[in-house]
Amino acid sequence: MTRAEKLTFAITGMGCVGCVLDRENAVMPMAGVEYVGVSLSSRTMTVRPGPGFDRAVIASRVRMLGYGIDEAGSYDAAPRSDCPCKLNSRRPAGSSG
Ligand SMILES: [Zn+2]
């Protein structure tokens, strides 16, 4: 028996916890994804692949939502104020910080 190995992607463009939830909600229901966990502090997305997993599809999905993904692991993790998550889903005006 071989256990599926977890894959880690470097994600760019995440600025807040909303970005994290945005990523998880977008990737979790995709085919071939058994588990996804996004870390804001390390700016990585960990995926446990299942049957039908295609990393190119996952990567294109992330990019489509306005984030960058770098499978090589070298990336610019500079925070940004204009979170893609706020463009993807409307949120009521409130505290910003
Ligand atoms: Zn955000």
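Start by selecting Arg43: in the hairpin of β2 and β3, with four residues between the strands, Arg43 takes a positive phi near 55 degrees. That is a positive value in a residue other than glycine. Arg43 sits in the loop between β2 and β3, and counts as buried because it has 23 C-beta neighbours inside 10 Å. Here, buried means 20 or more other C-beta atoms within 10 Å of a residue's own, exposed means 12 or fewer, and partly exposed lies in between, with C-beta atoms placed from the backbone.

Before moving on, a word about what is on your screen. This is a predicted model, in which local features need pLDDT of at least 70 and side-chain atom pairs count only at pLDDT 80 or more, while totals for chains, interfaces and linings use all residues. Residues are numbered from 1 along each chain as its sequence is written.

**Zoom out to the whole chain.** The protein has three helices and four strands, running β-α-β-β-α-β-α from the N terminus. Helices (H or I, at least four residues) and strands (E, at least two) are DSSP runs, numbered from the N terminus. Of the 97 residues, 20% count as buried.

Now colour by pLDDT, the predictor's confidence in each residue, from 0 to 100. The mean for the protein is 80, and 73% of its residues reach 70 or more. Where pLDDT is low, the predicted coordinates should not be read in detail.

**Select the four strands.** They form an open sheet in the order β2-β3-β1-β4, with antiparallel pairing. The edge strands are β2 and β4 (68-70), each of which pairs on one side only. From one strand to the next, the twist averages 30 degrees. Two strands pair here if DSSP finds at least two bridges between them.

- Strand β2 (residues 33-39) pairs with β3 over six bridges in the antiparallel sense. Val33 stands opposite Pro49, and Ser39 stands opposite Thr44.
- Strand β3 (residues 44-49) pairs with β1 (residues 7-12) over four bridges, again antiparallel. Look for Leu7 opposite Val47.
- β1 and β4 pair in the antiparallel sense over three bridges. Here Ile11 stands opposite Ile69 in β4.

α1 touches β1, β2 and β3, and its direction makes about 170 degrees with that of β2. Helix α2 (residues 55-64) also packs on the sheet, touching β1, β3 and β4, and its direction makes about 150 degrees with that of β4. For these angles, axes are lines fitted to C-alpha atoms, for helices over the stretch in contact, and angles run from 0 to 180 degrees between N-to-C directions.

Stay with α1 (residues 17-27) and show its buried residues: Cys19, Asp22, Arg23 and Val27. They lie on the same side of α1 because they cover an arc of only 105 degrees around the axis. The arc is that of the directions from the helix axis to the C-beta atoms.

**Look into the core.** Which residues touch the most other members of the largest nonpolar core? Among its 14 residues, they are Ile11, Val36, Met45 and Val47. The elements giving two or more residues to this core are β1, α1, β2, β3 and α2. A nonpolar core is a set of buried Ala, Val, Leu, Ile, Met, Phe, Trp, Tyr and Cys residues joined through C-beta atoms within 7 Å.

Centre on Val47. Not counting residues up to four places away in sequence, Val47 touches Lys6, Leu7, Phe9, Val27, Val33, Val36 and Ile58. Two residues are in contact if their C-beta atoms, placed from the backbone, lie within 7 Å. Across the protein, residues 24 or more positions apart account for 61% of the contacts with a separation of 6 or more.
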